[in-house]
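Hi there,

Here is the structure I promised to pass on.

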Amino acid sequence: MNASHILLLIGGYFILLLLISYFTGKNDSNEDFFKAGKQSPWYLVAFGMVGASLSGVTFISVPGWVDASQFSYMQVVFGYFLGYLITAYVLLPIYYRQNVTSIYEYLDNRFGFVSYKVGAISFFISRVLGAAFRLFLVAIVLQQFVFDSWNVPFEITVTLSILLIWIYTFKGGIKTIVWTDTLQTMFMLVSVGLSIYFILNKLEWSFSDFLMSQELSAYSKTIFTDNFFAKNHLIKSFLGGMFVTICMTGLDQDMMQKNLTCKNLKDAQKNMVSFSVVLVLVTFVFMLLGALLFIYAEKFQIAIPLMDGAPKSDLLFPEIALNSGLGITVAITFMLGLIAAAYSSADSALTSLTTSFCVDFLGTEKKSEKEAKATRRNTHVGMSILLILVVVSFKYILDRNVIDGLLTVASYTYGPLLGLFSFGIFTNYQVKDNYVWLVALLSAVVIVILGKIPAENLGGYVFGYELLPINGLLTFIGLWFIRKKIP
């Protein structure tokens with residue numbers, strides 16, 4: 001499959017998204033852009049959220065991580081499941097009861113203006129970096145397999161990718177996203193299923209042969225309990241995964257904005273529970289795919305592609321799908337899955353960033369409909385430009401597997417949100433609102449310092465995703481010191 005064929009495929013897929021955008025964006029109101037009129041069917045939201053949660057990071061980076069970490073990522077995913085249940089039955093009732101557009105309005109109601117802004121800023125930084133991580137991964141694949149052959153600079157590749165997203169989201173917003181996410185999830189899952197089928201066929205294995213093979217057993221160790229000091233220990237991974245989900249879903253405007261488009265709380269909870277079960281199963285299938293890719297590469301002597309002179313395991317899946325002779329069907333479905341993975345996370349991120357900035361910083365809900373719509377459109381353009389700049393910068397500073405980098409960044413940026421919401425929900429205290437920003441800043445600084453301490457200075461202990469709950473705990477303790485009892 002050559003570069004021209006891939007571009008034609010992207011063009012056809014983009015036309016399909018535009019058609020969806022045309023029908024869902026006719027109203028072009030802020031109510032539809034931010035909340036989809038609160039009319040989204042829960043099962044549609046649940047299915048679409050699978051694709052948005054997986055994104056290009058899971059689609060490429062998780063399979064590419066299997067060689068280095070085996071199936072240890074499933075320990076994190078089991079923690080995800082518990083985190084989704086907590087989100088469904090602790091956080092969603094609060095958001096529906098207060099009828100918020102931005103979930104950080106809760107902090108304004110609970111503590112005050114400064115707390116509200118600290119929460120909104122924490123999300124903004126987190127989501128810009130998270131969306132940029134996901135877009136970066138897909139952009140390097142398009143660059144490696146399409147645009148390098150035409151000598152198109154990486155910066156142009158990124159700009160074109162985000163421009164396409166902006167075009168089909170600028171009117172319909174979250175109402176469009178709910179429907180496009182459903183389509184994109186379907187493409188992604190079909191792509192993975194067909195890839196597994198054709199690779200097994202080339203290896204002359206049945207699926208049961210694969211599951212029983214010695215080759216799979218070399219990659220499939222899932223539970224790690226032998227060394228508590230290691231980053232991948234079960235307890236650390238499970239708790240880290242739980243808190244990552246609570247923060248990156250339950251305290252994240254991007255993911256919660258879709259849930260808040262459901263008709264009522266009961267529908268939103270059904271959406272969250274069903275989505276969490278499906279996500280665990282689908283992630284396990286991605287791990288199986290990762291093992292299969294490395295088995296296939298070893299048998300047919302396919303080298304891991306290089307990026308800037310170094311092996312990049314994230315590129316193994318595209319290398320096998322596009323260049324290893326599996327056939328045009330695998331190449332087409334892989335590209336459709338990759339494009340779907342890219343757009344399903346990036347479009348909702350762009351929409352949520354626009355929503356948060358409009359509501360939390362520009363106060364569009366206090367403006368006239370005409371003025372608020374103009375503000376929203378200008379903000380949408382500004383957020384697109386910001387994402388372009390951040391994604392391009394990653395090419396020069398990123399030096400690790402993308403899924404690992406994404407979860408590490410979450411440890412630094414979502415901690416203040418975890419501490420603020422926990423203190424608000426589980427205590428009756430008010431706080432000295434003017435000092436909240438200082439508590440959040442000091443907590444983040446301490447976490448950065450902890451994360452940089454060499455393992456040999458800690459007796460071999462390696463900090464992992466537990467940095468996130470530690471960050472939240474430090475914020476909680478800091479808020480305790482600036483508390484004031486409610487009269």
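Predicted model: local features only at pLDDT ≥ 70, side-chain atom pairs only at ≥ 80, totals over all residues.

**Salt bridges and surface**

Arginine 127 is buried, at a relative accessible area of 4%.

The partner of arginine 127 is aspartate 252: the two form a salt bridge, with 2.7 Å between the closest N and O atoms. Arginine 127 sits in helix 6 (residues 113-145) and aspartate 252 in the loop between helix 11 (234-250) and helix 12 (253-259), so the pair ties together parts 125 residues apart in sequence. Aspartate 252 is buried too, with a relative accessible area of 0%.

A search of the whole structure gives three salt bridges. Another one joins lysine 236 and glutamate 466, whose closest N and O atoms are 3.8 Å apart. Lysine 236 is buried at 4% relative accessible area, and glutamate 466 counts as buried at 9%.

Aspartate 267 and lysine 270 also meet in a salt bridge (3.5 Å, N to O). Both lie in helix 13 (residues 265-299), three residues apart, about one turn of the helix. Here aspartate 267 counts as buried at 13% relative accessibility, while lysine 270 is partly exposed at 35%.

Valine 445 belongs to helix 19 (residues 436-452) and is partly exposed, at 40% relative accessibility.

As for the whole chain, it has 20 helices and four strands. Of its 487 residues, 60% count as buried.

Best wishes

Key: Residues numbered from 1 in each chain as written. Heavy atoms only, no water. Helix = DSSP H or I, 4+ residues; strand = E, 2+ residues; numbered from the N terminus. Buried < 20%, exposed > 50% of the residue type's maximum accessible area, 1.4 Å probe, protein only. Salt bridge = Lys/Arg side-chain N within 4 Å of Asp/Glu carboxyl O.
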